[in-house]
Amino acid sequence: MTLNSNDISDRLAAVGYVADRDVATVLWLMEYLKRPLLLEGEAGVGKTEVAKSLAAVHQAELIRLQCYEGLDQNAALYEWNYQRQLLAIKTREGVGESADAIEEHIFSERYLLERPLLAAIRREKPPVLLVDEVDRADEEFEAFLLELLSDFQVSIPELGTIKAVSIPRVVLTSNGTRELSDALRRRCLYHYVDFPDVDREAKIIVTKTPGVDTTLALQIARMVSAVRKEDLRKIPGVAETLDWAATLAGLGVHDLRQEPEAVYETMICLLKTHEDRVRLTREVSERLLGKVA
Amino acid sequence: MIPTEPNPSVGRPMRERLAGFARTLRDNGFKVGLTETRDALVILTHSIASRPTSLRSAFRSLFCATHSDWERFDEIFDAYWLGTQMRRMRALSGIAAESRALARRRLDTMSLQASNGQPDHVERRQEGDAQGAADNRGRREGASHFENLATIDFRHITDPTDMARAHSLAERLARVMRARLVRREQIRRRGRRLDLRHTIHRNVSHGGTPVDLAWRRRKIKPLRLVVLLDASGSMNLYTAFFVRFLHGVMDAFREAEAFIFHTQLAHVSPSLRDRDVTRAVDKLSMMAQGIGGGTRIGESLATFNRWHARRVINSRTAVMIVSDGYDTGAPEHLGQEMRRLRWRCRKVVWLNPLIGWRDYTPQARGMQAALPYIDLFAPAHNLESLAALEPYLARI
C-alpha cells in the first residue's frame, strides 16, 4: 500500500490534523524511504501532534518515550522485575532446585518488563514510536538510540538478541536545548515545524473548538499571530491558542472588536509568565486588536 | 517541470545534475553523503518529482539536518534547479540573473558546476573589504623586545615573529586551561551513594544477598564555554588574537561554542572546528569583517538569546563576551538582553581589552547598562590576563 502525499493529507484531515503540504510530503517520504523523522521547532508548535496524527492515519499504536536527563537503557528498553525474581528465588530454594536452574528460570521472558523501545520492536503491527524531546537525553543515550534505529535489534545479555518483529515508524522531536549529533541527524529526515500561518491556525481552531465560527477563528488567529510578534519570553503555542479560543467561546464572545475588555482579561491564556503579562498592557492589547480585527 | 522523465528510470543527465546539486549543498556546508544522494534518486523516480514544490519539500527534508540548513535550502534549490531551467528556457523573468548575483561565487570552485548558476557559499555573501583582521597592527609603543610576551598589550605587538608566537601562545593557553579544568573536576567526583537497583540486580545470582555492591557517583557535566566575540572596527587590533584563542578553545574543550558579532551575530563553531589553523582563521577573518555601521551588541545578544541560547547553554555554561562595550544601539536594549542572558547561564564573563589601558573606567553607556549582570569583568589585553581567567573558570 503506497499512499501519496495527497492521500496522507486527506487522511490527516480526517483524523482532525490540519496539515500543510510540507508536513504531508515529509510523512509520505518517511513511508517511502523508510527513514525516521526528526521534528524540530519551538515548544508549542505541535510537534508531538504530528506523531499522534501519524499513528491515527495508519491506525497504529502510538508508543511514546519521553526523554529526560539521565534516561538510561533500563528505563527506555527493558528492566528485569527484581521483586518477582527475588520471590522466585526464595520459593525455589525451598523446593531445593539447583542454582543454575533457578537462574535459567528467573531470566526468562516472564520476568522481563518491556519498556517503550523494546515494546516498539516487538509488535506484530508496526507502531509509531515517538521519541519525545530527544535533546534532553544524554549523548550516551543518543548513541544507543542511533544503534537501535539502524539495526532494529537489541541484545539482552541474559536472553540473547531480540530482532524486530516489525519496523516501527519512528518520530523524534527536539526543542533544541542541546545540539544533536550529526550521526543522528543524518540518519533521519528533517522537518522544521514553524508556528502555523494565520489561515491554518484559524482552521485548527475551527476543527478543535466547537462553538467558534470561521470569522471569530480568523480574528483569534490574527490576534495570536500579532501577539507572537511582540517581544515575549514565552511565545504562545497552538495549545494556548486553543485554550484562548475555548475561553472566548465559553464567554459567548462572537466578535473580538466588540469586547476589547474580554480580550484583555482572557489574554492570560496566552501569556505564561508575569513579565509577559506586564508587558502586554491594556494599551498594547487594544493596539493589536485595532490592527487585526 | 523540473524532472523530465515521467517513468521510473532516472537518466544519466539527471543523475549528473543531482550529483552537482549534492556538491553545491556540500559547498554550502550541508552534510550530504551517499545515502542522501541515493535516496534522492529514489525520490526522483516517483511521480511526486513532477511538481517542483513537492520535490523541493521532499529534498529539503532529506538534505537538511539543522534549522540553519532548513532556512537556506529553498534559496539554493531554486538557484540550482529553477535558475538553470529558466535560463535554458530563455525566460525573461530575470530569476537566473538574480540567482547569479546571489551566488557571488569564487572562480576557483567553478569547474563543472559553472553553468548551473548555483550559489556557492551563500553565507559568505559579504566579501566587501577583503583585508584580514590580522593585517591591522597597532602602533609600536615602547614594547621592549626583552619584555615577556605575556605582558605586552596585544595591540603593541607588531613584530611578525612575536605576533606568531603570541598567536600560538593564545592557542596553547586555551588547551592548558581545558586540561587543568578537567583535572580539578575529577578530584571533586567523590560523592558516592549506594545504587540499590543495580546492587539487587547484580546479586540476584547470590540469592539476593548483597555481595557485590554497586555505587552511584555524580556525573558532573564538563564546563561548557560559549564565547561571543566582538569583531567590530573598534576591536580590530585584538580580533586576530581572540580568533586564535577561540580556535584553541574550540579544539580543546569538548563543549564549546563560538559566535562572532558586529552588526549581526554569526555562529562560527563549525568553521572553527577546522583542524587547519590557518584555514579556520582565514574563514573566520572573512566573517569577522564588519560591514561598517558600528556594533549592535544589544541586537546581537537578542539574536543569541532568541535563536541559540537554548541550544548552546546548559546548567554548567559560562558565557564569555569579548568586547569593548561600544554599542551603537540603545543601552536599555543591551541591559535587557544581558539580564535575559544572565538568567540562563551559570556565569557571565565580560572581557574588555580596554581595562588593560591605564585610567580606563567603563564609561561607555552600553557598558554601564551591562555591568549589573556581569559576574566577572576582566581585562583581556595580553596573554597574562587571559591566563588569569583560568582559576576563575575552574570554580564554576
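Mentor: A salt bridge is a side-chain nitrogen of Lys or Arg within 4 Å of a carboxyl oxygen of Asp or Glu. Side chains of opposite charge can pair when their charged atoms come close. This is a predicted model, in which local features need pLDDT of at least 70 and side-chain atom pairs count only at pLDDT 80 or more, while totals for chains, interfaces and linings use all residues. Residues are numbered from 1 along each chain as written, chains are lettered from A in the order in which they are written, and side-chain values use heavy atoms, without hydrogens and water.

Trainee: How many salt bridges are found over all chains?

Mentor: The whole structure holds 28 of them. In one, A:Glu61 meets A:Arg123 at 2.8 Å, N to O. A:Glu61 lies in the loop between α3 (47–57) and β2 (62–66) of chain A and A:Arg123 in the loop between α7 (116–121) and β5 (128–132), so this pair ties together parts that are 62 residues apart in sequence. Helices (H or I, at least four residues) and strands (E, at least two) are DSSP runs, numbered from the N terminus.

Trainee: Is A:Glu61 buried, partly exposed or exposed?

Mentor: Buried means under 20% relative accessible area, exposed over 50%, and partly exposed in between, with a 1.4 Å probe and protein chains only. A:Glu61 is partly exposed at 39%, and A:Arg123 is partly exposed at 25%.

Trainee: Which residue forms a salt bridge with A:Arg228?

Mentor: The partner is A:Glu201, with the closest N and O atoms 2.9 Å apart. The pair links helix α11 (residues 214–229), which holds A:Arg228, to helix α10 (residues 198–208), which holds A:Glu201, and the two residues are 27 apart. Both A:Arg228 and A:Glu201 are buried. Elsewhere, salt bridges that share partners join A:Asp22, B:Arg56, B:Arg60, B:Asp74 and B:Asp78 into one network.
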